[in-house]
Amino acid sequence: MISKGNLVSTDWLEEHVTDPNLVILDATMNSVTGDNSAIEDRPFIPGALIFDMETRFSRKDSDLPHTALSYEEFVQEIQSFGINESTTLVVYDAWGIYSSPRAWWLFKLMGHNPVFVLDGGLPKWVSEGKTTQSIPASTHSASSPWSGQYSAPLITELEQILQVSKENTARIIDARSQGRFIGEEPEPRPGLRAGHIPNALNIPFETLLENGCYKPPGLLAKPFEENSITRHTATFFYCGSGVTACVVLLAAVETGIFNVSIYDGSWAEWGADKTLPITQ
């Protein structure tokens, strides 16, 4: 079970940036709905390694975007990052809070517990005048190989979501915009229907953020309370491809909701399958 306390501040990271047991990961991904030119020539937090979820840390044999690796595939890829089981990880992205929670969730899924998200990410770090470098650090192997313990409840497949949707036995949260949720905005990926999974609720990930950071705890908890989601409510999260769903999942965890899981196929899978029901 995941517990609270998964965010660190820019001041904390600046104080600990040279700690020998700390590894910093730039988990920036392109936005599927926006202009990505601003992140192409971005600076890097000192010592940061690139954690590439577009290619290295997504399945290459899947027709769906950003599908999580198997445990065995993850172990193979992570060995060059100088990480062992006790390494403290801080992940961030160049948008503030966008793709870094996906990297955090992926490490939790694979069983690495000391992993944190930098609240405000690179934009907050830069706005405060903190030191940057023009290129990322180089990867290297750790003195001992990494291993973890796969946490299967954190990831959910289509069949379980279909059952939950039919029986309405748990909460399903859609992290996309309200316009996409109700089918009034077109999907950015071609070939997908408009609408949402029946019985899903809508908590757009951007409504949980303020100036690129998570909102204070009281405000963060409000949409979950309004939807009667409590500490032990089974709650499944999805979005377009499973990335920004992790933003909302992390917010839920930080407010004390721990029975959480990502529907990894997300709307890229459900919206493409014309045999599955949708609501608009």
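Is Phe107 buried or exposed? Phe107 is buried, because its relative accessible area is 0%; buried means under 20% relative accessible area, exposed over 50%, and partly exposed in between, with a 1.4 Å probe and protein chains only. The model is predicted, so local features need pLDDT of at least 70 and side-chain atom pairs count only at pLDDT 80 or more, while totals for chains, interfaces and linings use all residues. Residues are numbered from 1 along each chain as its sequence is written, and side-chain values use heavy atoms, with hydrogens and water left out.

The aromatic rings come next. Rings of Phe, Tyr and Trp (its six-membered ring) pair if their centres lie within 6.5 Å; planes under 30 degrees apart count as stacked, over 60 as edge-to-face and the rest as tilted. Across the whole structure, 13 aromatic pairs are found. In one of them, the ring centres of Phe51 and Phe107 are 5.2 Å apart and the planes stand at 35°, so this pair is tilted. The pair links distant parts of the chain, 56 residues apart: Phe51 is in the loop between strand 3 (49-50) and helix 3 (71-78), and Phe107 is in helix 4 (residues 100-110). Helices (H or I, at least four residues) and strands (E, at least two) are DSSP runs, numbered from the N terminus. Phe51 is also buried, with a relative accessible area of 0%. Ring pairs join Phe51 and Phe107 with Phe57, Tyr71, Phe74, Phe81 and Trp146 in a cluster.

Trp95 is partly exposed, because its relative accessibility is 28%, whereas Tyr98 is buried at 12%.
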